[in-house]
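Reader: I am new to this structure. Please take one part and go through it closely, then show me what lies around it.

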Amino acid sequence: MTPALVCPSCGDPVAEGDEFCETCGTRLHAPPPEEGTCPKCGARADQADPDGYCGRCGYRLARPNDHVEVEAGTMALVTDKGLRHHRNEDAGVLRAGTGFSVLVVCDGVSTTANPDQASEAAAGAFADLVEASLSGHDPSPEDAAAALVEAVAAAQKAVLGVPQEEPGGYPQAPSSTLAAAVIIGEEMVTTNVGDSRAYWIDATDAGGSRQLSKDDSMAEAAIAAGESPETAYARRDAHTITHWLGADAPEATPRTQASLAAGPGFLLVCSDGLWNYYESPESLRELILAGSAGVNGETTLETARRLVEAAIAAGGHDNITVALTALGPQAAPVPAPAPAPDEAPAPEVPPGEAPAPEEAPAPKGIPAPSGEETLPGEAAVEAPPETPAGVTAEAAAVQPIPEPSEPSTDPRPQPSETETKE
Amino acid sequence: MPDFHLECFQNEYLAEGAREVNAVVTITASGGGTAGTDGAGDASGGGSVEVIVIDTSGSMGGAKIRAAREATGAAVAAIKDGVRFAVISGDNTAHVLYPPNGGLATASTQTRFEAQRATDRLQASGGTAIGSWLSLITSIVQSEPGIKHVILLTDGKDEHESPETLQAAIEGAKGIFQCDCRGVGTDWVVSELRKIATGLLGTVDIVADPAGLAADFEAMMTQAMGKSLADVNIRLWTPQGASISFVKQVAPDLLDLTDRRVTLNPLSGDYPTGAWGDESRDYHFAVAVNPGNVGDEMLAARVSLVVNGQVAGQALVKAVWTDDTALSTKINRQVAHYTGQAELADAIAEGLEARKQGDMETATTKLGRAVQLAAQSGNTDTAKLLAKVVDVEDPVTGKVRMKSKVDDADEMTLDTRSTKTVRVAR
């Protein structure tokens, strides 16, 4: 039985051999669209109108931010509109400063006016403020935590500056989520508003990966009120966010969290377009390491791109933004000779009791990432970090967050063994 | 030339498979001049023409013809220097009362005075054949440049010619002049004058009491003098495969423009909007497009305002397909409001028709719905007119009782003004 033929444009039945659809006039059996032609109807690029639509079928032609890839220092960022949203309302910024790096991901709230502008304004203002306040001196993790708090305020202010009305759009005030991390040596200081996330992905210790951010969502609120995570995430409003940036945002003091990159691994900052498909740190770790990240020469950008592609392959329902940086020796483009493990004793930290930031071990031998010369791989060769995985240092203005895991007692593997460890 | 600003109100989000796109576009003109004050005319290169045509059939005798003379005098007084004008007397046929040799006069202190003197010669005798009046006006003004505006007054039914003759005269006048129609008393037929007014991009209203005529004429003429741009068109582009469900002016009153389309090419057509002064109007566009996939965005319509062949402004109507029902199920406030105003006008028309036919059950239901819609949308003028035809028990639920006795003037006023809309409270 031959399946009924339908017009790819309007869906009405067409007869085999028809050159044009009788209903809508679309050319059938058209050759695949050429570069610069309308992907929907094949109209020539010169038929596009000045507003970015096909002059024949009205289809929206590609926007510049539909897919963007950025590299800065050792960091990479890939953002994509995905498959089911008409525009990319995510935005992200990377900044490689002297002695620090900044990764920011913002996700504009679709049901508000100009969410794409809101996320872009928030990410830019946030990164600008962090960069300005950490530049020109040797910033400490405490400086970073203070800068993040100020930067959230700057991002909020920037969102207030976005046009509050969108022609044909939603009447609610422009709104965005935000997740960001500042890296100083091995210190990862993070903050978030809403449900964009930051993860530490431990390359060597399967149990050492964890989510650094905490969603401002109904699900998390339910968990805080005593519901089990299973019940909480089954709620209809589980993904409804309880905090955001925007004119109608509830007042809140931003949380910051300082964590130590306890070994070779990745800091991932992402929008829910990724974590809706890869929620657990374990699944993200598996995904990141599946591509021989760092070891066989996959660059951080290639890894980030692969994460985005995985989210698209899983359905690509939302916009997807991945900001990624490799920390530790596995990031070397060419595997470095295995260093002798440093026998210096790690500070004893009982689970659940975080040391004050000033008591945290100072990063050893790793030059701070910067735009020009930093190669974490090279640095790590000299002295792999020694702090037990999972140690969390609370920075100023921090709400307590439960310790996610026991300190690992596994011996640290050689960097070159990262891939084969499992 | 005034500046035009177009603002689009819509919910661009559609559910998967949906194809109907609705948008309300507000068009605001500002900073324009006024009708020619020195004979040189407006910036569009034309002058300005005013014609007043007065029904002089036998039924106009007495108070009505006296009021008509006074009103014509007041309207003539409001004509600005340089404007070309005429006063016409209409019964079974039409003839130019002023200027004395036919054609058009150029407004000045002298000609206005002469015209006012001439109006005293308006005499009520004979029948009513409105089509013949329109045809005479067409022949006089069609070669004149600029904005051409007619004020037409009648008091009775168009009974001395066939409906076909009237219709042909309307068709012949389309695009030549605009015509504001006034019915004095209660013996004229609302649907007849509405047909002329909608066909010729004008207004229709009732002046139940002849004493109110002079003020009304003066106001109409003053407003006409404020128009500076003739031949403003809405140009609508829609994508291949789209069909236009309707194009309506929805404020300040309802006017269906769907059938006025002048096709330019398979994707574009023009809709005439008449002359513009400093004013703001709302238009409702409904377009059915080929459904896209979830995540697709389409330009469903491009609304351009074309003045003398130049695009003076535009708005984009979009369609975005989403599987997020929170987005696709919302109805834009403006679209909902004007959908309600159109339903209100329909409910009044159907309710009054049912009442005429003696179907009181349908009349009660329809007028009850109208009461409800008028209350919901804040259309207090229409609500007041409805309350003269029905006893309102509860405006929220639309519970009404038909009044046992309704004044003819009240019923005709409701009928005539049922297309007046209110705008969305911002």
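**A pair of helices in chain A**

Helix α1 of chain A covers residues 115–134, and helix α2 of chain A covers residues 141–160. Their axes come within 8 Å. They cross at roughly 145 degrees. The crossing of α1(A) and α2(A) is right-handed. This is a predicted model.

Now the residues that meet. From α1(A) come A:Ala118, A:Ala121, A:Ala122, A:Gly124, A:Ala125, A:Phe126, A:Leu129, A:Val130, A:Ser133 and A:Leu134. From α2(A) come A:Asp143, A:Ala144, A:Ala147, A:Leu148, A:Glu150, A:Ala151, A:Ala154, A:Ala155, A:Lys157, A:Ala158 and A:Val159. By class, the contact of α1(A) with α2(A) has 16 nonpolar, 2 polar and 3 charged residues.

Next, the contact between the chains. Chain A gives 22 residues to it, and chain B gives 23 residues. On the side of chain A that touches chain B, 8 residues are nonpolar, 9 are polar and 5 are charged.

Last, chain B and its domains. Domain 1 of chain B is made of two stretches, 3–32 and 229–330. Domain 2 spans 48–225, and domain 3 spans 334–417. Taken over C-alpha atoms, the centres of domain 1 and domain 2 of chain B are 34 Å apart. These two domains do touch: 5 residues of domain 1 of chain B are in contact with 6 residues of domain 2 of chain B. On the domain 1 side of that contact, 4 residues are nonpolar, 1 is polar and none is charged.

Methods:
Residues numbered from 1 in each chain as written. Chains lettered and ligands numbered in written order. Predicted model: local features only at pLDDT ≥ 70, side-chain atom pairs only at ≥ 80, totals over all residues. Contact = placed C-beta atoms within 7 Å. Nonpolar A, V, L, I, M, F, W, Y, C, P; charged D, E, K, R; others polar. Domains from an automatic or database assignment. Axes fitted to C-alpha atoms, helices over the stretch in contact; angles between N-to-C directions. Helix = DSSP H or I, 4+ residues; strand = E, 2+ residues; numbered from the N terminus. Left-handed = near helix turned anticlockwise from the far one by under 90°.
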